[in-house]
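Here is a short tour of a protein chain, written for someone who is new to reading structures. Keep the picture open while you read, and look up each residue as it comes along.

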Amino acid sequence: MALQMMPDHLHAILFVKERMGKPLGKVLLGVKQACNKAFREVMPVEFVAVSQQHAAQSRENGLLFAKGFNDQILLRDGQLEHWLNYLKDNPRRLLMKRENPDLFRVQRGLTFAGLSFSAIGNRFLLERPLKLQVQCSRSISEGDLQAKKNECLRAARQGAVLVSPAISKGEKAIMRAAFEEGLPLVYLQENGFTDLAKPGGMRMDACARGQLLVLAPWEHHNEKMVIKRGQCLELNEMARAICED
């Protein structure tokens, strides 16, 4: 088992090497219930943690483990290594969040250019005087894409903020190149944020540097959905409005 204990939550990777008599979820539920029971018995009430779902109830109903948990079965190549690295990196990420709380907190009702967004990251990027929309046709040629990429990167190096939903292959390539170079970016995304959402992977570092702002005009949904053409057009229009404001 790989384990990372954090101040208010726990990350673990379990390696199941033989067939179990009960589903793993039921085993974990039993462990959590037993821990909650022991916690309430041994801890003074003033130290009992209260889950968000039970915050309005008596502190005697406090829980060491809140109800539910996020789980994922690691099947694809590279997933295990990715999550092992994520566990090891959690303390550093927490330190960054505590040192720069406004860059990692979900901001609701952020208005700009007559539009309303939920946001994570450096909202002051919107106040930069020069913002450049990155929009490419899906049928753009390699030569035209390279020219567009050079143009965008040159502008960003001179202080422009690149703005895009990064939907097409060309848009992704340009925004990725700018991201890797540490240039300022505003991403627009179709899926919104949960209250506890936070940037993942290298986006965490980019937020800590003040390099990145992620905007979501719509509510969060759990279902995996293919973005629709109408939504693509709306996001590109929002990017244009942001750059022209």
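## Getting started

A polar contact is a pair of N or O atoms within 3.5 Å; within protein, one of them must be able to donate a hydrogen and the other to accept it, and residues adjacent in sequence count only if both atoms are side-chain atoms.

What you're looking at is a predicted model, where local features need pLDDT of at least 70, side-chain atom pairs count only at pLDDT 80 or more, and totals for chains, interfaces and linings use all residues. Residues are numbered from 1 along each chain as its sequence is written, and side-chain values use heavy atoms, with hydrogens and water left out.

## The whole chain

How many helices and strands does the protein chain have? There are seven helices and eight strands. Both kinds of element are DSSP runs numbered from the N terminus: helices are H or I with at least four residues, and strands are E with at least two. The C-alpha atoms fill a box of roughly 65 × 40 × 35 Å along the principal axes.

The chain has 245 residues, and 37% of them count as buried. Buried means under 20% relative accessible area, exposed means over 50%, and partly exposed is in between (1.4 Å probe, protein chains only). The chain exposes about 15,800 Å², with carbon and sulfur atoms supplying 53% of that; these areas come from the Shrake-Rupley method with a 1.4 Å probe, and for residues only the protein chains shown count as cover. Now for contacts, meaning heavy atoms within 4.5 Å. Among those between residues at least 6 apart in sequence, 65% join residues at least 24 apart.

## Two buried serines

Start with Ser164, which has its place in strand 6 (residues 161-164). Ser164 counts as buried because its relative accessibility is 0%. A polar atom of its side chain lies 2.9 Å from the backbone oxygen of Val134. Not counting residues up to four places away in sequence, Ser164 touches Val134, Glu171, Met175, Val186, Tyr187 and Leu188.

Next, find Ser118 in strand 4 (residues 115-121). Is Ser118 buried or exposed? Its relative accessibility is 11%, so Ser118 counts as buried. Its side chain makes a polar contact of 3.1 Å with the side chain of Arg108. Arg108 is one of its contacts beyond four places in sequence, and the others are Gln107, Phe193, Val214, Leu215 and Ala216. As for Gly200, 82 residues from Ser118 along the chain, the two C-alpha atoms are separated by 17 Å.

## A nonpolar patch

On the surface, Met1, Leu3, Met5, Leu10, Leu14, Val16, Met20, Leu24, Val27 and Val31 form a nonpolar patch with about 880 Å² of accessible area together. Strand 1 (2-5) and helix 1 (24-42) are the elements that give two or more residues to the patch. Helix 1 supplies the largest share, three residues. Patches take residues with over 30% relative accessible area and no salt bridge; like charges are joined within 9 Å, and nonpolar side chains (Val, Leu, Ile, Met, Phe, Trp, Tyr) within 5 Å.

Take Leu3 as an example: you'll find it in strand 1. With a relative accessible area of 49%, Leu3 is partly exposed.

## Salt bridges

Side chains of opposite charge can pair when their charged atoms come close. The rule here asks for a side-chain nitrogen of Lys or Arg within 4 Å of a carboxyl oxygen of Asp or Glu, and the count comes to four salt bridges. One of them joins Glu181 and Arg157 at 2.6 Å, N to O. Glu181 is in the loop between helix 5 (169-180) and strand 7 (185-188), and Arg157 is in helix 4 (residues 142-157), so the pair ties together parts 24 residues apart in sequence. Glu181 is partly exposed at 39% relative accessibility, while Arg157 is exposed at 51%.

## Helix 7

Helix 7 (residues 229-244) has 16 residues and spans 23 Å from first C-alpha to last, close to the 22 Å expected at 1.5 Å a residue. That expected span is 1.5 Å times one less than the number of residues. Its buried residues include Leu235, Met238 and Ile242.

Arg240 pairs with Glu237, with the closest N and O atoms 2.2 Å apart, and it also forms a salt bridge with Glu244 at 2.3 Å, N to O. Arg240 and Glu244 are four residues apart in helix 7, so about one helical turn separates them. Through shared partners, salt bridges join Glu237, Arg240 and Glu244 into one network.
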